[in-house]
Amino acid sequence: MTTIVNILIIVLISTGVLFSLVTAIGLVRLPDVYTRTHAASKSSTLGVLCILMGTTIHFWAVEGIFNTQMVIAIAFLFITAPVGGHLIGRASYVAGIKLADATVRDDLKGVFDQKTDIKK
Amino acid sequence: MALQILLNFFLALVWMFMTVSFTPAGFAIGFLVGLGIIIMMRRFFSYRLYTSRIWAVCALLLLFLKELALSSIQVLRIVIKPKMDIKPAIFELETDLKYDWEITLLSALITLTPGTLVVGISDDQKKLYIHALDFKDIDEAVDSIKNTFERAILEVSRP
């Protein structure tokens with residue numbers, strides 16, 4: 001039983017570390033701010049989630065303490081991470097930061113410009 | 001839905017008073033009995049049973065966890081590929097959802113799933129502008145969101 005639990009903890013924490021590493025590599029390798037936000041808002045969420053779950057299970061099964069703060073932290077992370085990603089993407093588009101050269105299609109073009117024209 | 005849950009709690013309290021057992025077990029039994037009564041009396045409610053909505057929420061949660069794992073694996077494959085040959089794009093998605101909380105939930109789910117990130121919502125809240133990490137076909141991308149998340153959210157909010 002303890003072996004199974006230990007294997008589960010190891011797998012969870014290793015997956016979390018792996019995805020955090022992927023986030024870091026993605027931030028370096030991807031071409032523009034929008035694609036970097038992809039890496040930062042998805043992989044890192046799953047990475048931190050896996051690490052927190054592994055920690056919760058470790059303290060619950062091995063040490064006998066069930067820490068509800070971990071569960072709350074996971075829930076808050078899920079609420080805040082997509083909002084952060086959305087706001088970074090939107091703010092950089094409004095500020096006029098250019099998309100990568102590889103971008104094939106831009107339906108948002110003109111939507112924000114029209115709005116500023118009306119305000120003038 | 002909230003009314004039915006409240007009624008179920010009230011029935012459980014009545015059960016506890018009737019059986020003089022003020023314990024969590026007594027509450028649980030009363031809750032189950034109350035649920036049975038509500039199921040029997042369901043034709044007097046104007047909305048469907050609240051248990052089916054709770055089931056829809058659980059289905060949405062499972063779908064979301066699956067898509068989150070898939071999206072992280074996709075990002076991993078793109079990031080560690082030696083040659084960076086992605087085609088990012090911003091495309092438009094018309095949504096049928098009406099309420100603010102539905103649109104917020106949909107955009108949060110889109111942001112956390114395979115290769116998509118919401119970068120803007122039109123002023124009339126009819127269109128979402130989505131940045132795709134690796135863009136192949138607009139119909140395919142729109143269909144996959146429509147058929148999974150929008151349908152699951154509609155299933156939750158259906159009266």
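Colleague: Which domains does the domain assignment give for chain B, and how far apart do the C-alpha centres of domain 1 and domain 2 lie?

Modeller: The model is a predicted one. The assignment for chain B gives domain 1 as residues 2-44 and domain 2 as residues 50-157. Between the C-alpha centres of these two domains of chain B the distance is 38 Å.

Colleague: Which residues of chain B does UniProt list under "transmembrane region", and what is the helix content over residues 53-80 of chain B?

Modeller: The unreviewed UniProt entry lists residues 12-41, 53-80 and 103-121 of chain B under that heading. Over residues 53-80 of chain B, the end C-alpha atoms are 41 Å apart and strand accounts for 0%. The helix content of residues 53-80 of chain B is 100%.

Colleague: How far apart are the end C-alpha atoms of residues 103-121 of chain B?

Modeller: Residues 103-121 of chain B come from the UniProt list for "transmembrane region", in an unreviewed entry. In the model, the span is 47% helix and 32% strand. The end C-alpha atoms of residues 103-121 of chain B are separated by 9 Å.

Colleague: What area do chain B and chain A bury between them, and which residues of chain B lose the most area to chain A?

Modeller: The contact involves 40 residues of chain B and 35 residues of chain A. About 3100 Å² is buried between the two chains, with 74% of it on carbon and sulfur atoms. On the chain B side, 19% of the buried area comes together from the residues that lose the most to chain A: B:Val79, B:Ile90 and B:Val119.

Colleague: What pattern does chain A follow along the sequence, and what share of its residues count as buried?

Modeller: Chain A contains four helices and one strand. Along the sequence they follow the pattern α-α-α-β-α. Of the 120 residues of chain A, the share that counts as buried is 33%.

Colleague: Why does A:Ile13 count as partly exposed, and how far is A:Ile13 from A:Thr35 in space?

Modeller: A:Ile13 sits in helix α1 of chain A, residues 2-29. Because its relative accessibility is 30%, between the limits of 20% and 50%, A:Ile13 counts as partly exposed. A:Thr35 is 22 residues from A:Ile13 in sequence, and their C-alpha to C-alpha distance is 26 Å.

Colleague: Is A:Ser92 buried or exposed, and which backbone oxygen lies 2.7 Å from a polar atom of its side chain?

Modeller: A:Ser92 is placed in helix α3 of chain A, residues 68-94. With a relative accessible area of 7%, A:Ser92 is buried. Leaving aside neighbours within four places in sequence, A:Ser92 is in contact with A:Val33, A:Tyr34 and A:Ile97. The backbone oxygen at 2.7 Å from a polar atom of the A:Ser92 side chain belongs to A:Ile88.

Definitions and conventions: Residues are numbered from 1 along each chain as its sequence is written. Chains are lettered from A and ligands numbered from 1 in the order in which they are written. This is a predicted model: local features need pLDDT of at least 70, side-chain atom pairs count only at pLDDT 80 or more; totals for chains, interfaces and linings use all residues. Side-chain values use heavy atoms; hydrogens and water are left out. Helices (H or I, at least four residues) and strands (E, at least two) are DSSP runs, numbered from the N terminus. Buried means under 20% relative accessible area, exposed over 50%, partly exposed in between (1.4 Å probe, protein chains only). A polar contact is a pair of N or O atoms within 3.5 Å; within protein, one must be able to donate a hydrogen and the other to accept it, and residues adjacent in sequence count only if both atoms are side-chain atoms. Contact means heavy atoms within 4.5 Å. UniProt positions are given in the numbering used here, feature names are shortened, and annotations may be inferred rather than shown by experiment. Domain bounds come from an automatic or database domain assignment. Buried area is the accessible area (1.4 Å probe) that two parts lose on being put together, summed over both.
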